Amino acid sequence: MSASLGGKPLALSHGSKIHVSSEVHQEVFVRVRKRDLEKLTTEVMQLRDFLPRVLNPNLMEMLHQARTAQTVKELLVQEQEQLRQKCLHLQSRLDAVQTDCQREREEKLLLREQLWQSGAELQQQADFCSGLGSATCSLLWSCSVIEDTVTHWLADGKLQAFLAVAAQTLESFVRSLDVELKTQTEDQNSKEHQFVLALAGTITNIAAVTCGRDFLSGSAHTLLDILMKLLELMKPGVFPKLKVLMLMALYNVSISVKGLKYISENPGLLPLIWTLLNDGEWEVCLHSLRLLQSLLLDEEVLLLLGSSLLDPDLQARVHHLTSSVEPSLRLAAQQTLEDLQVLQQGRGREQNSL
């Protein structure tokens, strides 16, 4: 059988043929074999019966989840790739940092070696300077015994600079002391110790000359303040020779009226003397007593420090020193105690007369 579509026959499967009218508005008819129709009907019924069991909500949900999982997987793959790239970048930076660290470590070792060498060289220079300073100041100490030498130094106008350097050196030395160590292992013959001793001895000899003490009384107030401050800082039993020289310098200055007036106006002087009287080194106690005696011989100082000088604790300490086994210390303590008693009696008469 045949059908025409635009004048041509149209072949169908299974030998069927379709006849299509040439006019669009006409209905289309298909001719199918009965056997094929029955087969098609059977397949449709089977699909109608099978599809509801296959295409259920769970399957749809699973399909949706599968699509979601696929999307998540793609995102995870992208994120993993990004992390891998970041990891590669961090690894590259780590390698660079490790390289820099190794280079810096090598440079540090090199600098440490150079620092050690510089420290050794610096120590050698310090030892040399200490030796040179010790030798030079020992010469100055010996020369300063001669009065004319001090006079020439004052005439040259260089004494002020020397005293400034001496004060700074003494202060640096005292402030750097490790008291606990120095008390037990003090090396009296070390170059550094001899250096500062020579400086203090030179200052003491300058103050022993009239023109020298006048100069110190009028133009070296900073030095005098530093000497008193350093005596306050030094603990009992530490460098007694240095303490003695500084006390002698202050005593020599106190012979000058201007010098005595200046140091007596320092509020820490009398407490300092009290402390040094308990030092334990008899020479330190001796020269502390002599400085105290110098204060007791001036009327203006007595007016300024009178109430403090009459303190019973001070007299008790001086009285204790009168039993010293050292003759010179015992004699100085007896004389000082007599002066304190005279001062006390004089104050008592003044109060009675009022």
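These exercises work through a nonpolar core, a glycine and a helix pair.

The model is predicted: local features need pLDDT of at least 70, side-chain atom pairs count only at pLDDT 80 or more, and totals for chains, interfaces and linings use all residues. Residues are numbered from 1 along each chain as its sequence is written, and side-chain values use heavy atoms, with hydrogens and water left out.

**Exercise 1.** Find the residues with the most contacts inside the largest nonpolar core.

Solution.
- A nonpolar core is a set of buried Ala, Val, Leu, Ile, Met, Phe, Trp, Tyr and Cys residues joined through side-chain atoms within 4.5 Å.
- The largest one has 70 residues. L242, L292, L295, L309 and V318 have the most contacts inside it.
- Helix α6 (residues 191-208) gives the most to this core: nine residues. Helices are DSSP runs (H or I, at least four residues), numbered from the N terminus.
- Now take V318. Leaving out residues up to four places away in sequence, V318 touches (heavy atoms within 4.5 Å) L277, L289, L292, A333, T336, L337 and L340.

**Exercise 2.** Decide whether G306 is buried or exposed.

Solution.
- Locate G306: helix α13 (residues 299-309).
- Apply the cut-offs: buried is under 20% relative accessible area, exposed over 50%, partly exposed in between (1.4 Å probe, protein chains only).
- G306 has 1% relative accessibility, so it counts as buried.

**Exercise 3.** Identify the residues where α6 meets α7.

Solution.
- From α6, take I203, I206, A207 and A208.
- From helix α7 (residues 210-219), take T210, G212, R213 and L216.
- Sort the contact residues: five nonpolar, two polar and one charged. Ala, Val, Leu, Ile, Met, Phe, Trp, Tyr, Cys and Pro count as nonpolar, Asp, Glu, Lys and Arg as charged, and the others, Gly among them, as polar.

Terms used. Helices (H or I, at least four residues) and strands (E, at least two) are DSSP runs, numbered from the N terminus. Axes are lines fitted to C-alpha atoms, for helices over the stretch in contact, and angles run from 0 to 180 degrees between N-to-C directions.
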